[in-house]
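Please read them with the model open.

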Amino acid sequence: MSEKQWWNEAVIYQIYPRSFKDSNNDGIGDLKGIIQKLDYIESLGVNTLWINPIVSSNQVDNGYDVIDYKHIDSLFGTEEDVDTFFSEMKRRGLKVIYDLPLNHTSIAHPWFKEALKGPDNPYRNYYIWADASDDGTYPNNWTAAFGGSAWSKEMNGDQYFLHTFKKEMPDLNWDHEPLRKEMIGILNYLMDKGVDGFRLDAFIYIDVDKEFPDKEADQETQDVIEYGGNLKQYLNELNQALTDHENEIFLIGEATSADAEKIREYTNNSILDGVITLQHFTDDETLKIEELPQMNQHVPLDFEKFKRIQKEIQESLKDKCGPILFWNNHDHPRAPQKYGDMDNYRDETAKMMATLLYLQKGIPIIYYGEEVGMNNAWFDDPSNISDNSAFNFYQEAKAFGWSHDKIMENLNLTVRDASRGIMQWTDEKGSGFTENAAPWIISNQEAVYNVKDQEESESSILNYYRKLIKLKKTDLFTKGDWKLLNTQDKIYAYERTFEDITGRVYCNFSAEEAEVTIDMPFNTDSLVLSTHEADLTNGKIVLPAYSAFVFVSE
């Protein structure tokens, strides 16, 4: 690979296909809908598009339960639509990152159907099997991510298969070389189609200790499985396939628990080019109560810890293009509503949080709709939420004495489904997402916080994002060094330097006005982007609630 890979200057826009644009009026977003909106995507200034899975699936986990890696699900379109999509992307000079679930398939995948035929079937070893324990129950005490045992017994045999996630999603056996060769063949097929990069879903779980040790009482199953000794070998084999291809391929891995040290380890020696981690979502765990499940309790951001984690990750990757920068994605509630104040300072919160994160060193991922200030989808009934844990939490919290409204607020600010609401194109019925069909998920319909209304306002969140993205693509904010500045609580400030250019970014992550000293010769003439008019006097700047100011001096 060359020293300057294209992704060093990538600004990524993530689309959850089900929720972006419905072209055939069935209430579900599709590939033609995405194609219809490529001009809009291009207008944002982004240069890369990441789409969640659109391949053939039973849709138990919205495409992550794969039946066929090489064919589009009819829910999203046809093979002709896929070819048109790649053609239209290339015509605009946009790159495509493809979401690849490589830890598991669907139980309906032909490999698993063959594996169920018995231990002698050649596809048996494509999956992970174990005998019952001595007492005749599950092989060990591992639990699945969404509750229950991580093991399910085959219908017509005596063994159990492993599923780290849902029972309909059996884990693949990466120890088995024929399986690894199959996956490399899939990579080559997709690269030949036009894919420029892969997001490896749940890659940290593909190396499993076949001794199957029991977990401790306070451990998560995922923590027992993670970081196996053969993981690097498997990733290096994938990388060799990418290196052999004529195009430069960007490889991102999802490792939600990876800290700065692990990110560094994964991105060294070209194992991965980037890592998606959730470690910077530093919820204040001390505010959670022991009597209820921890996952669905909403608490504020521990801001001092947030600063520390950001600093650790930035400094760990200072000799690279930086970390992956994101506030929102399909597995995490929309962060401005979760951590900011979208009731009283909605525009300011959205603009400030984007400025804080995306002008740091690293590769931004903007999740569809955040550029217009979309809030989370808001559920009134826990039974409408797809994660089983939500209903269980509701029952436990109700028994504990919490009100319905309090429980639902906690759920709506912690569950994955909340982030997957339909894109707000207009304030009309169907929000411009669909004509008259019922959307597949509960949806918002709002004036102002939609694309049509925001296109018409120069001061909108949308147009602020466009200015921010344009600024991000300059050498200073792409290549420049990064340094966190010492400031009071709730103020996040950092410096970027490149050659003779210096930038300062000041963000107030609170509803309280603050004042900071600027110890360099910045003035209103060097203000290149801000959420408010600058009040700059005697080397000090006033930071209103949820404000951001960006200065550049040459």
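1. Terms first. A cavity is a set of points on a 1 Å grid over the protein atoms alone where a 1.4 Å probe fits but cannot get out; lining residues have an atom within 4 Å of a point. Grid points are joined across faces, edges and corners, and a volume is the space filled by probe spheres set on the points.

2. Basis. This is a predicted model: local features need pLDDT of at least 70, side-chain atom pairs count only at pLDDT 80 or more, and totals for chains, interfaces and linings use all residues. Residues are numbered from 1 along each chain as its sequence is written, and side-chain values use heavy atoms, with hydrogens and water left out.

3. Second largest cavity. Its space is about 100 Å³. Among its lining residues are Ile54, Lys70, Glu79, Phe86, Tyr98 and Lys193. At least two lining residues come from each of β4 (66-72), α3 (79-91) and α5 (177-193). Helices (H or I, at least four residues) and strands (E, at least two) are DSSP runs, numbered from the N terminus.

4. Its lining by class: eight nonpolar, one polar and three charged residues. Ala, Val, Leu, Ile, Met, Phe, Trp, Tyr, Cys and Pro count as nonpolar, Asp, Glu, Lys and Arg as charged, and the others, Gly among them, as polar.

5. Largest cavity. The search of the whole structure finds five cavities of 30 Å³ or more. The largest holds about 120 Å³. Its lining includes Ile263, His280, Gln310, Pro323, Phe326 and Leu357. α9 (303-316) and β12 (324-325) are the elements giving two or more residues to this lining. α9 gives the most, with three.

6. Which classes line the largest cavity? Eight residues are nonpolar, four are polar and none is charged.

Note on methods. 1 Å grid on protein atoms, 1.4 Å probe; cavity = no way out; pocket = protein on both sides within 12 Å on 5 of 7 lines; lining within 4 Å.
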